[in-house]
Amino acid sequence: AGPGAGSGLPAAPQTPGVAGPVSLNSATADQLDELDGVGPGLAEKIVAERQKRGGFRSVDDLADVPGIGEKRLESLRAQLQP
């Protein structure tokens, strides 16, 4: 199969215990903590930012969370959905 074959979705690394992308707007801090690159402290910051802004419109909104830089945002993009 060549480029464009299949579902059109990039292959995401599978995290044990997490099935498919995690919803930024409904995930608990514990669910976010299970993601590769997110620890308990960062998970709490993500939840606090979500509450402050009333929800995330896109995964890119994570750039406003302290501790999430460009590289971490890129690594999380495949694991999350708004």
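## A briefing on helix 2 and its surroundings

Helix 2 covers residues 40–53, and its 14 residues reach 20 Å from the first C-alpha to the last, close to the 20 Å expected at 1.5 Å a residue. That expected span is 1.5 Å times one less than the number of residues. Helices here are DSSP runs of H or I with at least four residues, strands are runs of E with at least two, and both are numbered from the N terminus. This is a predicted model, in which local features need pLDDT of at least 70, side-chain atom pairs count only at pLDDT 80 or more, and totals for chains, interfaces and linings use all residues. Residues are numbered from 1 along each chain as its sequence is written, and side-chain values use heavy atoms, leaving out hydrogens and water.

**The whole chain**

- Three helices and two strands make up the list of elements in the chain, and along the sequence they follow the pattern β-α-α-α-β.
- Of the 82 residues in the chain, 33% are buried (under 20% relative accessible area with a 1.4 Å probe, protein chains only; exposed is over 50%, and partly exposed is in between).

- Leu-42, Ala-43, Ile-46, Val-47, Glu-49 and Arg-50 are the buried residues of helix 2.
- Seen down the helix axis, these buried residues fall within an arc of 160°, so they line one face of helix 2; the arc is taken from the directions from the axis to the C-beta atoms.
- Pro-40, Gln-51 and Lys-52 are exposed on the other side of helix 2.
- The buried residues of helix 2 pack against helix 1 (29–33) and helix 3 (70–77).
- Just after helix 2 comes Gly-54, with a positive phi of about 75°.

**The nonpolar core**

- A nonpolar core is a set of buried Ala, Val, Leu, Ile, Met, Phe, Trp, Tyr and Cys residues joined through side-chain atoms within 4.5 Å.
- The largest one has 19 residues, and Leu-32, Val-38, Ile-46, Leu-62, Ile-68 and Leu-80 touch the most other members.
- Helix 1, helix 2 and helix 3 each supply at least two residues of this core, and helix 2 gives the most, with four.
- Setting aside neighbours within four places in sequence, Val-38 is in contact (heavy atoms within 4.5 Å) with Leu-32, Asp-33, Ala-43, Ile-46 and Leu-76.

**A buried glutamine**

- Gln-79 sits in the loop between helix 3 and strand 2 (80–81).
- Gln-79 is buried, with a relative accessible area of 7%.
- The side chain of Gln-79 reaches the backbone nitrogen of Asp-36 at 3.1 Å.

Methods: Polar contact = N/O pair within 3.5 Å; in protein donor to acceptor, adjacent residues only side chain to side chain.
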